[in-house]
Amino acid sequence: MAIGRHDITSGATELERLNRELRSLTSQLSLAEERERRRIAIELHDRTNEILVSSMIRLTALAKSTADPALADTLNEICQLLRQLAQETRLLMFELYPPSLYYLGLEAAIKELADRMMEKYGIRVSFTDDARRKPVDVDVKVLLFQAVRELLTNVAKHAQAHAVSVSVSGGGGNLRITVQDDGVGFDNAVISDGRKSGGFGLYALSERLRHMGGCLEADSGNWGTRIIITVPLKER
Ligand SMILES: Nc1ncnc2c1ncn2[C@@H]1O[C@H](COP(=O)(O)OP(=O)(O)O)[C@@H](O)[C@H]1O
Ligand SMILES: [Mg+2]
């Protein structure tokens with residue numbers, strides 16, 4: 001049976017439609033993820049932290065009042081473990097929903113993230129900002145923050161890097177963030193074929209950026225990896 005020109009054209013149109021649908025779903029999925037993150041962070045803050053703090057206060061009082069030194073030691077140890085848990089919960093809360101992003105702005109939040117990542121993973125992270133005004137909407141700010149978090153987590157997980165630089169600049173109507181590491185690099189094809197890597201991976205990230213009129217460019221080799229994120233600035 002011969003395939004007519006009409007069949008090929010309608011097949012291509014259908015493929016395009018499906019592609020658009022896939023992009024839109026990926027973007028919606030990421031937005032839903034974002035809402036969930038925020039909800040979890042608030043729950044963590046409102047419940048977990050409060051219980052942790054009051055447990056520590058009670059344990060400390062108990063350790064002071066007991067006449068049994070062995071019991072006091074054990075209570076102090078438990079208190080120390082709870083303190084550690086409170087610290088880790090605070091880091092998690094920050095990663096999920098960083099207050100500095102809302103009160104101090106994107107650059108400050110990225111700088112804080114870089115510092116915390118450096119502490120957590122023991123990689124040297126340097127940060128530069130061109131200090132220009134970079135007006136963007138709050139949902140774009142949140143996306144960019146999550147993007148840098150994902151990129152730095154990737155460096156920690158995959159790159160075996162010693163150092164990574166994060167730079168934020170504004171100019172030519174765009175906000176640009178570059179994250180560059182000196183690690184082992186990867187095959188550039190991973191991004192275009194990145195659908196298998198679900199979650200807030202590179203593929204989902206580049207789809208969300210595209211949805212907001214931006215883009216993600218990656219370059220990688222045995223010198224390391226450079227990812228450049230660009231989004232349009234808000235017109236004033
Ligand atoms: N900075 C990096 N250095 C080396 N490899 C990387 C880096 N970033 C990403 N990769 C590679 O690209 C793949 C896709 O990344 P990503 O989409 O974030 O998925 P995931 O982190 O869940 O594996 C990773 O599995 C890894 O092989
Ligand atoms: Mg990843």
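Glu43 and Arg47 sit 4 residues apart in helix α1, so about one helical turn separates them. Their side chains meet in a salt bridge, with 2.6 Å from N to O. The model is predicted, and a search of the whole structure finds 15 salt bridges.

- Glu43 counts as partly exposed because its relative accessibility is 32%.
- Arg47, its partner in the salt bridge, has a relative accessible area of 51% and is therefore exposed.
- A salt bridge also links Glu14 with Arg17, where the closest N and O atoms are 3.1 Å apart.
- Glu14 is partly exposed at 36% relative accessibility, and Arg17 is partly exposed with a relative accessible area of 35%.
- Side chains of opposite charge can pair when their charged atoms come close.

**A salt-bridge network**

- The side chains of Asp130 and Lys134 form a salt bridge at 3.1 Å, N to O.
- This pair is part of one network, in which salt bridges with shared partners join Glu107, Asp129, Asp130 and Lys134.
- Is Lys134 buried or exposed? Lys134 counts as buried, because its relative accessibility is 10% and the cut-off for buried is under 20%.
- Asp130 is partly exposed, with a relative accessible area of 31%.

**Helix α4**

- Helix α4 covers residues 106-121, and at 1.5 Å a residue its 16 residues should span 22 Å. The C-alpha atoms at its ends are 22 Å apart, which agrees with that expectation.
- The buried residues of α4 are Leu106, Ala109, Ile110, Leu113, Ala114 and Met117.
- Viewed down the axis of α4, these buried residues fall within an arc of 140°, so they line one face of the helix.
- The elements that cover the buried residues of α4 include the helices α2 (69-96), α3 (99-103) and α5 (138-159). The strands β1 (124-129), β2 (163-171) and β3 (174-181) are also among them.
- Gly122 follows α4 and has a positive phi, near 65°.

**Paired strands**

- Strands β2 and β3 run antiparallel and are joined by 8 bridges.
- These two strands form a hairpin with 2 residues between them. Gly172, in the turn, has a positive phi of about 60°.
- Gly171 stands opposite Asn174 in β3.
- β3 also pairs with strand β5 (residues 224-232), in the antiparallel sense and over 8 bridges.
- In β5, Val231 is the residue opposite Leu175.
- In a regular strand the side chains alternate between the two faces of the sheet.

**Magnesium site**

- Which protein atoms are donors of the magnesium ion (ligand 2)? The protein donors are Glu150, through OE, and Asn154, through OD1, lying 2.1 Å from the ion.
- Glu150 and Asn154 both lie in helix α5 and are 4 residues apart, about one turn of the helix.
- Glu150 has a relative accessible area of 17% and is therefore buried.
- Asn154 counts as buried because its relative accessibility is 15%.

- Leu144 lies in helix α5 and is buried, with a relative accessible area of 0%.
- Not counting residues up to four places away in sequence, Leu144 touches Leu106, Leu175, Ile177, Leu209, Ile229 and Val231. Of these, Leu106 is one of the buried residues of α4, and Leu175 and Val231 stand opposite each other.
- Leu144 and Ile177 are 33 residues apart along the chain, and 8.4 Å separates their C-alpha atoms.
- Ser100 is placed in helix α3 and is buried, with a relative accessible area of 6%.
- Leaving aside neighbours within four places in sequence, Ser100 is in contact with Phe94, Gly105, Ala109 and Glu112.

Notes:
Residues numbered from 1 in each chain as written. Chains lettered and ligands numbered in written order. Predicted model: local features only at pLDDT ≥ 70, side-chain atom pairs only at ≥ 80, totals over all residues. Heavy atoms only, no water. Expected span 1.5 Å × (residues − 1). Buried < 20%, exposed > 50% of the residue type's maximum accessible area, 1.4 Å probe, protein only. Arc of directions from axis to C-beta. Contact = heavy atoms within 4.5 Å. Pairing = 2+ DSSP bridges. Salt bridge = Lys/Arg side-chain N within 4 Å of Asp/Glu carboxyl O. Donors = N, O, S within 2.8 Å, 3.2 Å for Na, K, Ca; no water.
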